[in-house]
Amino acid sequence: MSTENLPQSPDQPQRKPRVAVVFGGRSSEHGISTVTAGAVLRAIDRTTYDVLPIGITRSGRWVLTADEPDRMAITERRTPDVEQLADSGEGGVVLPVDPASREVVWSEPGSVPKALGEVDVVFPVLHGPYGEDGTLQGLLELSGVPYVGSGVLASAVGQDKEYMKRVFTSFGLKVGPYAVIRPREWEQDEAAARRKIIDLAGDHGWPLFVKPARAGSSIGITKVDDPSGLDEAIAEARRHDPKILVEAALRGREIECGVLEFEDGPRASVPAEIPPPDTHAYYDFEAKYIDSTPGLVPAPLTPAETAEVQRLAVDAFEAASCEGLVRADFFLTEDGEFVINEINTMPGFTPISMYPQMWQASGIGYPELVDRLIRAALRRSTGLR
């Protein structure tokens, strides 16, 4: 694989571009992020790139980790943890907030900081708050370091399901019925907040899905079949996020579509269908990652339906000003209409995840997909664009 057109340091014209794979993080999706990192590390072509694995612990400390993808897998139904992968020491990795320097530093109490060399691009595989929501992207913008995926605005929109729906609606994309309970509403008048949810059920029926407004991987979501389960569901969602989203159930098929940015613009993959899992009430965390409920790739859709969902997926990508990659999730309702549920600006990215599977079926294998994303990030500058 050629390194032509990839940026080289003026004082080291022959060195390979260096990719920092950043993973873990402070969100409830810490473990899945670490699993994703293992897959990405395994796929990066080491003859083309140098790699620096950087984990973020659950407390927020940046640490160096061993480049050992096999240790970043789900074992005995448990996800891995950055603390178990971290190199010894009490220090942390520091990314200088200086666009004139991309040199990463290891800093440890009582010791002279140690330079770890320059980083040319960051591949952030963080999921959820404090990583996928624009916070890390903002740090990288300040540092002047290119990175894979969407920028600050699109990442924030993609993480907050309320504002995501508002953006989609403003661009003419159809979303399902929902209600939002913000922290202040709940704290000032719980009864009124509950009435808002009951009104949603009165208009659209049960069940309802109660979920954290700014989380992913189906963590914290509860399917509520009647009012008796509402308080427990709200408590579970608020355990992950003080702002909650409540959605009416949509009857239909779950369809997903990947979007990848090429030099001439975004293109959609073949779509996939998520069939109802046999042993779960819905496509929850365990169905996705522990029991690995298989999807249908490609989805059994008509040519017209396939073209329509691909068009809508690209429209959603553009509406939120996304970059790099997105997985767009839809319902195909019983009356034949596609309703967008959400986008993921850093979707699950293990080889068995739906996003890579959809691109595999579209002719782009996992290693090539990783390489395309890195190259696209290296071509793109930070700052206003």
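Q: Is K243 buried or exposed, and at what relative accessible area?
A: A word on the ground rules: this is a predicted model, where local features need pLDDT of at least 70, side-chain atom pairs count only at pLDDT 80 or more, and totals for chains, interfaces and linings use all residues. Numbering runs from 1 along each chain as its sequence is written, and side-chain values use heavy atoms, leaving out hydrogens and water. On relative accessible area, buried is under 20%, exposed is over 50%, and partly exposed is in between (1.4 Å probe, protein chains only). K243 therefore goes down as buried, with a relative accessible area of 6%.

Q: Which residue meets the side chain of K243 in a salt bridge?
A: Side chains of opposite charge can pair when their charged atoms come close. The rule for a salt bridge wants a Lys or Arg side-chain nitrogen within 4 Å of a carboxyl oxygen of Asp or Glu. K243 sits in the loop between α8 (230-240) and β11 (244-248), and its partner is 81 residues apart, in helix α5 (helices are DSSP runs of H or I, at least four residues; strands are runs of E, at least two; both are numbered from the N terminus). That partner, at 2.7 Å from N to O, is E162.

Q: Why are R239 and E236 separated by about one helical turn?
A: These two form a salt bridge, with the closest N and O atoms 3.1 Å apart. R239 counts as exposed at 59% relative accessibility, while E236 counts as partly exposed at 25%. They are separated by about one helical turn because, in helix α8, they are three residues apart.

Q: Which strands do R327 and E256 come from?
A: Their side chains meet in a salt bridge at 3.5 Å, N to O. Both count as buried, R327 at 9% and E256 at 5%. The pair links distant parts of the chain, 71 residues apart, with R327 in strand β15 and E256 in strand β12.

Q: Which backbone nitrogen does the side chain of S33 reach?
A: S33 is in helix α1 (residues 30-43) and is buried, with a relative accessible area of 0%. Leaving aside neighbours within four places in sequence, S33 is in contact (heavy atoms within 4.5 Å) with residues including F23, V125, L126 and H127. At 2.9 Å, the side chain of S33 reaches the backbone nitrogen of G24.

Definitions and conventions. Polar contact = N/O pair within 3.5 Å; in protein donor to acceptor, adjacent residues only side chain to side chain.
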